[in-house]
Amino acid sequence: MGRGAYGGGNGVAAPAAAMPGWLGGLVEETFFVACGAHESRKKNEKNIFCLDCCTSICPHCAAAHPSHPLLQVRRYVYNDVVRLDDLEKLIDCSYVQPYTINSAKVVFLKPRPQSRPFKGSGNICLTCDRILQEPFHFCSLSCKVDHVLLRGDDLSSILFRFSESDFAFPHFENLRMDGSDLLEDDDDLIAPEDVTQHRGGSASSNGGAPKKKKSGAGFFPQIVLSLSNRRKGAPHRSPLS
């Protein structure tokens with residue numbers, strides 16, 4: 001269902017205990033798969049979510065949604081994430097643990113698979129038992145939504161009215177189409193957001209950012225390879241006359 005039935009850009013409040021169509025679609029939709037309508041086009045992965053149609057689309061599909069609010073989805077450790085700044089315009093993300101990528105805070109849409117069950121004491125997700133930092137209670141957006149529903153609380157208490165102008169396609173940044181240059185899915189390698197850090201400051205070191213390629217890289221690779229493999233030999237002097 002579109003946002004008109006549950007509330008959204010038109011400011012209509014959501015009914016008690018109802019799951020908004022866009023929220024249900026966002027946490028259940030599959031992203032970063034090839035778009036069937038644009039199989040022959042490059043960069044055809046579905047990394048955009050239409051808040052009006054409640055479905056995932058690729059950048060080439062955006063022309064068919066000219067006036068719809070669109071949400072950009074990214075990849076982090078091979079899982080779907082959305083920038084915290086964007087999600088906070090839609091829903092209350094308090095107590096959901098954010099992570100940092102390229103100096104931007106992101107939130108996982110779904111809980112990540114755990115390689116081993118947690119044993120012992122500590123702060124864990126109230127829904128899936130993943131280890132968290134204090135004072136967070138949820139590892140992903142869907143975990144918080146599930147917890148609210150299980151308690152029988154009204155979802156409208158955590159939903160916000162949003163402006164469609166905040167989710168216009170021209171506001172999108174360069175879309176990353178894959179996660180090949182990101183970290184492996186290892187808990188020891190992921191750096192969660194430091195809760196003591198100022199919100200406006202940078203929350204990650206430069207080590208997590210992808211390295212920039214040199215301007216000359218990729219040009220005449222055979223020539224560069226031959227030059228790099230050349231060894232210096234003994235000097236040859238011209239014969240004496």
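**Entry 1: strand β7.** I looked up the burial of strand β7 (residues 104-108) in this predicted model. Five of its five residues are buried, so the strand is largely enclosed by the rest of the structure.

**Entry 2: partners of β7.** I checked the pairing next. Strand β5 (residues 79-83) runs antiparallel to β7 and is joined to it by three bridges; R83 has V106 as its bridge partner. Strand β6 (residues 99-101) is also antiparallel to β7, again through three bridges, and I101 is partnered by A104. The hairpin of β6 and β7 has two residues between the strands, and N102 there adopts a positive phi near 50°.

**Entry 3: the three-stranded sheet.** I traced an open antiparallel sheet with the order β2-β1-β3. β2 (55-57) and β3 (70-72) are at the edges with a single partner strand each, so one side of each lacks a neighbour in the sheet. I noted an average twist of 35° from one strand to the next. β1 (residues 48-50) pairs with β2 over three bridges, with I48 opposite I57.

**Entry 4: nonpolar cores.** I found 34 residues in the largest core, where W22, L26, F49, I91 and L141 have the most contacts. Helices α2 (21-28), α3 (84-87) and α4 (141-150) each supply at least two residues of this core. I listed the contacts of L26 beyond four places in sequence: F31, F49, L71, L87, L109 and L141. A second, separate core has eight residues, among them I57, C58, C61 and L70.

Notes. Residues numbered from 1 in each chain as written. Predicted model: local features only at pLDDT ≥ 70, side-chain atom pairs only at ≥ 80, totals over all residues. Heavy atoms only, no water. Pairing = 2+ DSSP bridges. Helix = DSSP H or I, 4+ residues; strand = E, 2+ residues; numbered from the N terminus. Axes fitted to C-alpha atoms, helices over the stretch in contact; angles between N-to-C directions. Core = buried A, V, L, I, M, F, W, Y, C linked by side-chain atoms within 4.5 Å. Buried < 20%, exposed > 50% of the residue type's maximum accessible area, 1.4 Å probe, protein only. Contact = heavy atoms within 4.5 Å.
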